[in-house]
Amino acid sequence: MRLFAIGMVMLGIAGLFAYVAGWVTPNVLTPGRIVDRFEQVNGPHPGFRRNHAKGVCVSGWFDSNGQGTALSKAVVFLPGRVPVIGRFALAVGQPYASDAAHTVRSMALLFKLADGEEWRTGMNNIPVFAVNSAQGFYDLLLASAPDPETGKSDPAKMNAFLAKHPESAKAFQLIRNSIAASGFADSSYNSLDAFRFINAQGHVFPVRWSMVPVQPPQPSRPAMAPESGTNQLFDALISAIHSHALQWHLIVTVGQPGDPTTDATLPWPANREQVDVGTLTIDQVESEDVSTARDINFDPLVLPNGIAGSDDPLLSARSAAYAKSFTRREGEPKSPSAVSTAETKQ
Amino acid sequence: MLLAMLFIGVAMVASLSNYHRLVAIHRPLGIMILILAGIRLVNRMFTTLPPFPPTMSQRERVLASASERMLYTLMFALPLVGWGMLSAGHYPIVMFGPVHLPPVLPANPTLYAVLRKTHTILAYLLFGTFLAHLGTVLFHTLIVRDRLLNRMALWPIGSRKVKVENAAGPSPKRSAA
């Protein structure tokens, strides 16, 4: 009887362990299952990011003008200069995909603060995010996956997805109605998820932020067809940085009570206070093959004291899935990036 | 604390909604365990252990000492591997607020991948060793009834003075409930 009780105690502890590890609940969405789905729809691409797989690495600095200190005590907002490394990418799972004008463009940055803290952020050139939950993202990946035979996605699957996720249907409408800039250099990049800024007095502000380009909009290139070159967006970015440094203003939008912080598919009203807190300058560009930025996980929740995540469920999910993708790719052999800076060097 | 840490660790890698919250606890808790393990080891070096109960055979004593050494090794190895793994993965090692630890290893993808795997394997090993330890102690305390638990406790457990020779073997009068 006692022996039985001991056995039950041990089994109970082991069982609980297996349960919290997710081993007995194969239908619950985990970071591993999200990354599995990327691999399922894009095929195996060892060594590459599972999403935003095609990219190029950059570096430069951020000049803070001090305006941000009213909103956040993060040392990055004290007046002065902070070194930055980053990466521009296309939101594709296939690292050798051809550049396409409609593909979502991203800017990922790592600010190296003077006290050793870091601020990492990944931003996209769309006004709102397409989904508001990890489950929505998981479903969208499958719904938009190209058929292996035709190479095109199935409209029926997409319609079923939109019927199940009306928030995504509205978000796609907003994304379609926004005017996409012609290239990486003249795009605005948005945090999409909401965050919290905490200032020295302890006041908490709901915020979203954007990198707004200083360089004027460029006309779209007429031939944005695959035959006109597979890397034309990246090549244009590389030659632009080689000819002169590119700049963006970091604009912080301050939310009001009632503005949605848990749903990245919903825009905030256009009249919200916007604070220009400083200027990002990008003057160096390097291929992923030689840059340290290749082996950096741009986890949106690596934040300095004074910036915190909001209650948006996507933030923790992104953090978890990025970590999983990072762990897998770091253990895999590396292949050369599709984007090389050498070809376009003048 | 160790058990809580193992559960937090295994839960966080499977969780989407609580991942960040759990990681934020996991990091400083790991460092705290490293410090406590250090204090424990110093304490262990300056105290003599109570004798093994006579119910334990020579082989059981060797096994018990080996499992103790294993537990100590893992208590140090797990937080150190975790710290090294974050360093190799180019992560800042955030404790709380602006407080963070310096990297202890250079950033390197292969090193990160190896240490990340090692961290998991050692954690399972620690969980296994803990379960074996717990099972053995329960077996001795409830079945052999040799008051083995008194070796671990800070004070004698139970009010009755029972001679270990008399306590061997299960008592038919008491249920296991």
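**Strands, cores and a helix**

Q: Which residue in β2(A) does A:K54 stand opposite?
A: A:K54 stands opposite A:L90 in β2(A). This is a predicted model, in which local features need pLDDT of at least 70, side-chain atom pairs count only at pLDDT 80 or more, and totals for chains, interfaces and linings use all residues. Residues are numbered from 1 along each chain as its sequence is written, while chains are lettered from A and ligands numbered from 1 in the order in which they are written.

Q: What makes β1 and β2 of chain A a pair?
A: Two strands pair if DSSP finds at least two bridges between them. Strand β1 (residues 54-64) and strand β2 (residues 80-90) of chain A have 11 bridges, in the antiparallel sense. So they pair. Strands here are DSSP runs of E, at least two residues, and helices are runs of H or I, at least four, numbered from the N terminus.

Q: How do you know that β2(A) and β3 of chain A pair too?
A: Seven bridges join β2(A) to β3 (residues 105-112) of chain A, again antiparallel. In β3(A), A:A108 is the bridge partner of A:R87.

Q: Why is a set of residues called a nonpolar core?
A: Its members are buried Ala, Val, Leu, Ile, Met, Phe, Trp, Tyr and Cys residues, joined through C-beta atoms within 7 Å. Buried means that 20 or more other C-beta atoms lie within 10 Å of a residue's own; exposed means 12 or fewer, and partly exposed is in between, with C-beta atoms placed from the backbone. The largest such core has 90 residues; A:V56, A:F129, A:A134, A:L237 and A:I241 touch the most other members. Helix α7 (residues 313-330) of chain A gives the largest share, eight residues. Apart from this core lies another, of 15 residues, including B:M85 and B:F127.

Q: Why are the buried residues of α5(A) said to lie on the same side?
A: A:S168, A:A171 and A:I175 are buried. They cover an arc of only 60° around the axis, so they share one side of α5(A). The arc is that of the directions from the helix axis to the C-beta atoms. On the other side, A:P166, A:Q173, A:R176 and A:N177 are exposed.
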